[in-house]
Amino acid sequence: MLPFIAVAGGIYAYIATTLIVNVRKSYVEASQIAQEVIGNIRTVQSFTGEERAVRSYKEALRNTYKYGRKAGLAKGLGMGTLQSLLFLSWALLVWYTSIVVHKNIANGGDSFTTMLNVLIAGV
């Protein structure tokens with residue numbers, strides 16, 4: 001199960017990092033627009049450019065929202081996949097332990113202790 005968990009974690013980390021970088025770029029763009037408009041407020045007002053400035057700022061924030069939604073979805077799916085694989089591996093461990101006890105390969109106490117050691121070592 002470890003290779004599956006490692007692959008899922010790697011894919012999640014790559015996608016989340018890429019989307020977070022895009023969100024930060026969009027925030028920088030929106031910040032630059034706001035700073036430029038505030039710094040040149042007299043010029044913007046004299047040429048009645050308030051509407052255009054607001055439109056460009058809203059567009060920059062729309063990109064941020066779009067990338068933020070994708071990042072949230074990627075985080076949810078990535079963490080959900082990792083947690084699912086983790087719980088499936090625990091279920092596999094419990095199932096295998098029950099087979100070992102049922103076939104009298106080991107007794108219940110030793111199997112339970114081994115299972116707890118594996119679970120605690122995995123954490």
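Q: Why is Thr 64 called buried?
A: The relative accessible area of Thr 64 is 6%. Buried means under 20%, exposed over 50% and partly exposed in between, with a 1.4 Å probe and protein chains only. Thr 64 is therefore buried in this model. The model is a predicted one, in which local features need pLDDT of at least 70, side-chain atom pairs count only at pLDDT 80 or more, and totals for chains, interfaces and linings use all residues. Residues are numbered from 1 along each chain as its sequence is written, and side-chain values use heavy atoms, with hydrogens and water left out.

Q: Which residues is Thr 64 in contact with, leaving aside neighbours within four places in sequence?
A: Thr 64, placed in helix α3, is in contact (heavy atoms within 4.5 Å) with Val 23, Ser 26 and Tyr 27. Helices are DSSP runs of H or I with at least four residues, strands are runs of E with at least two, and both are numbered from the N terminus.

Q: What makes up the largest nonpolar core?
A: Five residues form this core: Ala 8, Tyr 12, Ala 16, Leu 82 and Leu 85. The term covers buried Ala, Val, Leu, Ile, Met, Phe, Trp, Tyr and Cys residues joined through side-chain atoms within 4.5 Å. Helices α1 (2-39) and α3 (50-102) each supply at least two of the residues, and α1 gives the most, with three. Beyond four places in sequence, Ala 8 touches Thr 81, Leu 82 and Leu 85.

Q: Why is the pair of Phe 87 and Trp 90 called edge-to-face?
A: Rings of Phe, Tyr and Trp (its six-membered ring) pair if their centres lie within 6.5 Å; planes under 30 degrees apart count as stacked, over 60 as edge-to-face and the rest as tilted. Here the centres are 5.4 Å apart and the planes stand at 75 degrees, so the pair is edge-to-face. The structure holds one aromatic pair.

Q: Why are Phe 87 and Trp 90 separated by about one helical turn?
A: The two residues are three residues apart in helix α3, which accounts for the separation.

Q: What makes Phe 87 partly exposed?
A: Its relative accessible area is 47%, so Phe 87 is partly exposed. Trp 90, at 32%, is likewise partly exposed.

Q: How is it known that Lys 66 lies over the face of Tyr 67?
A: A charge sits over a ring if NZ of Lys or CZ of Arg is within 6 Å of the ring centre and within 35 degrees of the ring normal. Lys 66 lies over the face of Tyr 67, at 5.1 Å from the ring centre.
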